Every structure is written in C-alpha cells, then in structure tokens.
Number of protein chains: 2
Amino acid sequence: MRKLSSENFVYKMSAENPPVMTVKPRKTILIQTQDGFGGAIKRDDDPFPTIDMERVNQTTGPIFIEGAEPGDTLVVDIKNIVLPKQGVTTIIPSFGALKEQFSREWKKVRAIRAGRVIFPGGIRLPVHPVIGTIGVAPAQGTVGNLYPGPHGGNLDVKDITKGARVYLPVFVPGALFSLGDGKAVMGDGETNGVGIEVSMKATVRFDLIKDKPIRRPRLENATHKITIASAANLEDASKTALNDMIDLLVEETVLTKEEAYAMLGAIADIKIANVVDPEVTVRVAVPKYVFAQGRKKKVRN
Amino acid sequence: MRKLSSENFVYKMSAENPPVMTVKPRKTILIQTQDGFGGAIKRDDDPFPTIDMERVNQTTGPIFIEGAEPGDTLVVDIKNIVLPKQGVTTIIPSFGALKEQFSREWKKVRAIRAGRVIFPGGIRLPVHPVIGTIGVAPAQGTVGNLYPGPHGGNLDVKDITKGARVYLPVFVPGALFSLGDGKAVMGDGETNGVGIEVSMKATVRFDLIKDKPIRRPRLENATHKITIASAANLEDASKTALNDMIDLLVEETVLTKEEAYAMLGAIADIKIANVVDPEVTVRVAVPKYVFAQGRKKKVRN
C-alpha cells in the first residue's frame with residue numbers, strides 16, 4: 001500500500017496547491033497526518049504555542065485523483081484510523097463556544113492507552129477516532145483549513161470515522177483531496193474548539209462517481225445516510241442539511257416532497273457538528289432502513 | 001392508581017390555573033392526554049382545522065404536588081407511555097423549519113400497528129413515544145404551551161420518553177405540573193413542527209428534592225445526564241445548555257471548570273431538540289460513566 005507522509009501538507013485547500021501524489025480510483029492508500037497544532041504540544045510543560053488561525057489544521061495532500069473532473073463525486077471510504085499514544089486538548093483564548101468565559105490559555109496532554117483516553121479523576125473515554133478536516137479544492141479561490149464549506153474542510157463531524165463513506169463534490173480536475181485534524185475522541189460541537197487532538201495514520205480508499213455532481217459533502221455508514229451543511233448560523237445550516245435530506249429522500253424513495261418533510265419530523269437525527277468555527281456545521285441523519293423500505297420499485301418491461 | 005382524564009387541560013402554564021388534582025410525592029398516577037390538536041384530525045378527509053397557536057399543545061393538569069415550594073426541584077419519572085392506534089402529521093403554513101418552502105396545508109393520519117408507525121411505500125418506523133410538552137407554572141405570568149422555557153413547556157426533547165427522570169424547577173406552591181403533546185415518534189428538531197401527534201396514557205411518579213433549586217429543566221436516563229436550554233437562537237441555547245453541563249460536572253466530579261469545558265469538547269452529545277418553536281431548544285448529554293468514574297471521593301473522618 002502506498003503511503004503519504006505528513007511532511008506533505010497544506011493549511012488551505014485551493015486549486016493552486018500542487019499535488020503531492022496521484023492516485024487511481026479504487027486504490028487504497030495510507031495517509032499520515034500531524035495534529036491540528038503541527039505537533040507543537042508534546043508535554044504539559046511545553047510553552048503554549050503562538051496560534052495563527054491561518055496556520056492550523058494542516059491536511060496531508062493534496063492528492064490528485066486520476067480521472068476526477070468537475071461534476072463528478074469523489075467517494076472516500078475511511079477503512080481505518082490508527083492513533084498515537086497521546087493527544088492534546090486546549091483552551092485557546094477567543095476561540096470556542098464559551099470564549100467569553102474562558103479567556104486564558106490552557107492545555108493538557110492526554111495519554112491514550114488500551115483504547116481509552118485518560119482524563120483526571122480516573123475518567124476514561126473510549127477512543128472514537130475522527131477526521132476533523134477532509135476535503136477537496138473549492139470551486140473558486142482558496143479556503144483556509146479552519147473553515148468548513150461545500151468543499152468539505154473543517155467539518156468536525158463525528159461520523160467521519162472508520163467505516164464511513166464520505167462523498168465530496170469534485171470542483172477541479174483531480175479533486176485535490178487532503179485530510180488531517182485528527183481526534184482520538186471528539187464531542188459534538190467541538191465545544192472548546194478542539195477534541196483530543198492527535199496525529200493519525202488513516203487508511204482510505206478512493207472511488208469516483210462520474211458525472212453526478214453533489215452540492216456539498218455527505219456521508220453514509222452502516223446504519224445512516226447523513227447530509228452536512230455549514231453556514232453563518234445553526235438555523236441556516238440546519239435548513240440546508242434538511243433540504244438536502246428531503247432531496248435525497250425524494251430521489252431515492254417513493255416519498256413526495258411533503259411526505260419527506262414530514263418524515264424528517266418523525267425520524268431525523270440532528271446534531272450540531274461544530275459551533276466554534278467561522279461557519280458552523282449541522283448534520284442530519286436518517287436511518288438506512290427508511291431508504292431501503294421506501295425505495296422506488298423498478299418497473300420491468 | 002389514580003387517573004387524570006384529558007378533559008382537564010390547559011393551553012398555558014400559569015400560577016393562576018386552578019389545580020385539578022392534588023398528588024403526594026412518591027405517588028404514581030396515570031395521566032391521559034389529547035393530541036396537540038385536541039383530537040381535531042381523525043381521518044385524512046377531515047377538514048384541515050383552524051389552528052390558533054394560542055390553543056395548541058393542551059396539557060392535562062395542572063396537578064398540585066403536595067409540599068412543593070419555590071426553590072424545590074420536582075422529579076418526574078416517566079414510567080410508561082401507552083399509545084393509541086393512530087396519530088397525525090401535518091404541514092402548517094407559517095410553521096416549521098422550512099416554512100418558506102412548504103406554505104400549503106397538508107395532513108396525513110398514520111396507523112400505529114405492532115409497535116410501528118406505518119408510512120407510505122411500506123416504511124415502518126419503530127415507535128419511540130415522546131412527551132412533547134411538560135412543565136410547571138412559571139415564576140411569573142403565563143406561558144402558552146407553544147413555548148419552551150425555564151418552566152419546561154414545549155421542549156420537544158426526544159429523551160423525554162419511558163425511563164426518563166425529568167427534573168423541573170418549582171416556582172410556585174404545588175408546582176402546578178402538567179403534560180401533553182404526545183408523539184408516537186419524533187425527529188430531532190421537530191422539523192415540520194410536529195412528530196406523529198398522538199393522545200397518550202402516561203404513567204408518572206412524582207418526587208421532590210427540597211430546597212435545591214435548578215434554573216431549568218434537566219433529565220437523566222439509564223445512560224446519560226442531559227441539560228436542556230431554550231433561547232431565541234440555537235447558538236445561545238447551546239451556550240446555556242453547555243454552561244449548565246459544566247456546572248454539573250464541576251459540582252459532581254473532580255473536574256475543574258477548564259477540565260469540564262475540555263471534557264465537553266471530547267464527549268458532549270449535542271442535539272437540536274426543536275428548531276421550530278418561538279424559542280428553539282438544544283440538549284447536551286454526557287454519559288453517566290463520566291460522572292461515576294470522576295465523582296468526588298468523600299473524605300471520612
């Protein structure tokens with residue numbers, strides 16, 4: 001299996017970034033990443049790093065996917081995520097959901113042992129590895145890795161873990177994919193602006209769906225289909241993710257638009273993915289059995 | 001077991017509502033409720049009812065809890081919820097997360113059979129009964145049952161189901177508790193403004209925690225402790241629910257305020273409970289094992 005080292009990284013996603021590797025569809029590769037701080041905090045007594053929000057969440061890449069063209073959908077299967085032996089959590093002044101109250105720098109290195117992250121007082125959280133930032137070059141211009149958007153980026157969706165199939169729009173030839181910003185475990189909303197930040201070894205498999213554009217990232221796992229949207233506020237992000245799910249239900253099932261809307265009122269699972277970034281992110285999940293039971297029957301001639 | 005019939009109901013929570021029953025703490029009663037439309041839609045060809053938002057979500061009660069005084073906490077254990085054989089879903093013009101797009105009246109009666117709600121195309125959703133509106137008389141004035149708030153009210157939190165222990169602040173003598181607005185199943189956010197609306201028979205047990213005020217409703221179930229907050233927007237509701245959870249972690253575990261904040265970034269489960277009411281609601285859940293593992297050790301003399 002080919003490997004891509006974490007030395008090949010970017011702080012922003014852009015068509016102008018030269019690719020560091022070319023991969024064919026249906027190939028699996030191993031991507032090594034640095035943590036969101038570029039590994040600057042290794043011990044509790046390391047000085048608090050100077051944080052430039054234009055230089056965080058480095059993503060390894062970009063990777064040129066052979067044959068990817070604007071209008072295609074890039075399929076990324078997260079096959080595995082290997083964690084290191086420790087991660088770090090921080091409070092960064094002027095960043096986080098409660099930044100008005102928590103204005104002092106603070107950091108702690110957390111050990112990771114036997115599949116658990118070790119907290120004070122004997123609290124042990126089972127690891128749940130998350131890829132925080134994953135995406136492609138945007139349609140236009142450059143997007144820093146602090147930002148989520150239609151190209152993916154800093155989505156901080158907990159469901160982007162082992163077993164997830166992530167769909168990303170392709171906006172530029174080769175897609176120019178990259179990922180990073182790993183977490184050993186992360187809460188919804190990424191409340192204090194970070195999870196347990198880690199370097200990662202992520203095994204991913206690429207594929208392409210030709211000539212089938214999507215507007216924004218979405219994903220599926222063993223149990224759910226999930227739409228994801230980012231906006232200036234949570235209400236607008238919710239509306240977009242809900243509308244995308246209505247479109248998906250109408251496309252794939254017998255439900256009318258009204259029935260699909262009412263289905264969301266009955267079964268949608270709506271989480272705040274990030275409430276801290278320059279744009280906030282909401283994800284809407286619907287169980288796959290709804291799609292399976294309600295799917296359009298094919299008419300045979 | 002004493003029963004309270006759905007004929008005893010209110011459209012608003014207020015200290016001025018005369019109690020219809022008095023119950024002692026540690027007693028269990030059965031409360032019958034009408035659906036949120038007062039049973040106005042029984043068949044698909046019933047006319048769409050005229051909906052006065054001041055006269056929806058009728059709650060059965062109010063119940064005077066003997067000995068409840070301002071500054072106490074009312075404990076309500078949801079022991080059981082029995083559903084009828086059908087429910088109703090609607091699209092109400094000018095109400096719902098996507099009201100700009102769905103401006104026409106629409107309604108469907110849904111059969112409930114063998115623990116499943118029956119949808120078009122053969123889709124069957126397992127029932128998950130929810131008490132949508134539950135609360136006490138507010139500290140001051142009157143709050144209509146369309147509104148959530150510190151007194152509870154129209155919270156639409158999916159976790160308020162069988163097995164939940166709901167904590168409500170007591171603001172007036174006797175608390176003046178009521179509940180209603182049942183759902184056979186409901187999605188997070190209550191996207192189209194309703195779930196599968198049903199009448200219910202809810203079995204609840206009351207208890208009091210004397211002289212221990214809480215600011216807002218919270219709850220726990222077998223696996224999680226949950227804080228709930230409502231506000232004009234989802235960001236503010238999130239902040240309040242997160243702050244309440246930090247206070248709870250600091251009170252009950254060895255975590256400092258900073259450690260508790262960072263714990264939320266690692267493990268919080270944050271859902272949008274309602275994104276349609278005049279105030280929106282967010283709930284933040286943390287697994288109980290975090291509280292158990294991290295609890296303050298008592299010092300023995």
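In chain A, 76% of the contacts between residues at least 6 apart in sequence join residues at least 24 apart; two residues are in contact if their C-beta atoms, placed from the backbone, lie within 7 Å. The model is a predicted one, in which local features need pLDDT of at least 70, side-chain atom pairs count only at pLDDT 80 or more, and totals for chains, interfaces and linings use all residues. Residues are numbered from 1 along each chain as its sequence is written, while chains are lettered from A and ligands numbered from 1 in the order in which they are written.

**Chain A**

- Chain A contains three helices and 23 strands, where helices (H or I, at least four residues) and strands (E, at least two) are DSSP runs numbered from the N terminus.
- Its C-alpha trace spans about 70 × 40 × 40 Å along the principal axes.
- Of the 301 residues in chain A, 54% are buried; a residue is buried if 20 or more other C-beta atoms lie within 10 Å of its own, exposed if 12 or fewer, and partly exposed in between.

**Relation of the two chains**

- Chain B is superposed on chain A by a rotation of 180° with 0.0 Å of shift along its axis, at an RMSD of 0.0 Å; the superposition is by least squares on the C-alpha atoms of residues with pLDDT of at least 70 in both copies.
- The two copies are therefore related as by a two-fold rotation axis.
- B:Lys271 is the residue of chain B that comes closest to the rotation axis, with its C-alpha at 2.3 Å.

**Core and a strand residue**

- The largest nonpolar core has 184 residues, among which A:Leu74 and B:Leu74 touch the most other members; such a core is a set of buried Ala, Val, Leu, Ile, Met, Phe, Trp, Tyr and Cys residues joined through C-beta atoms within 7 Å.
- Leaving aside neighbours within four places in sequence, the contacts of B:Leu74 include B:Ile65, B:Val136 and B:Phe206.
- B:Arg205 lies in strand β19 of chain B, residues 200-209, and counts as partly exposed because it has 16 C-beta neighbours inside 10 Å.
- B:Arg205 and B:Val76 are 129 residues apart in sequence, yet 5.7 Å apart in space, C-alpha to C-alpha.
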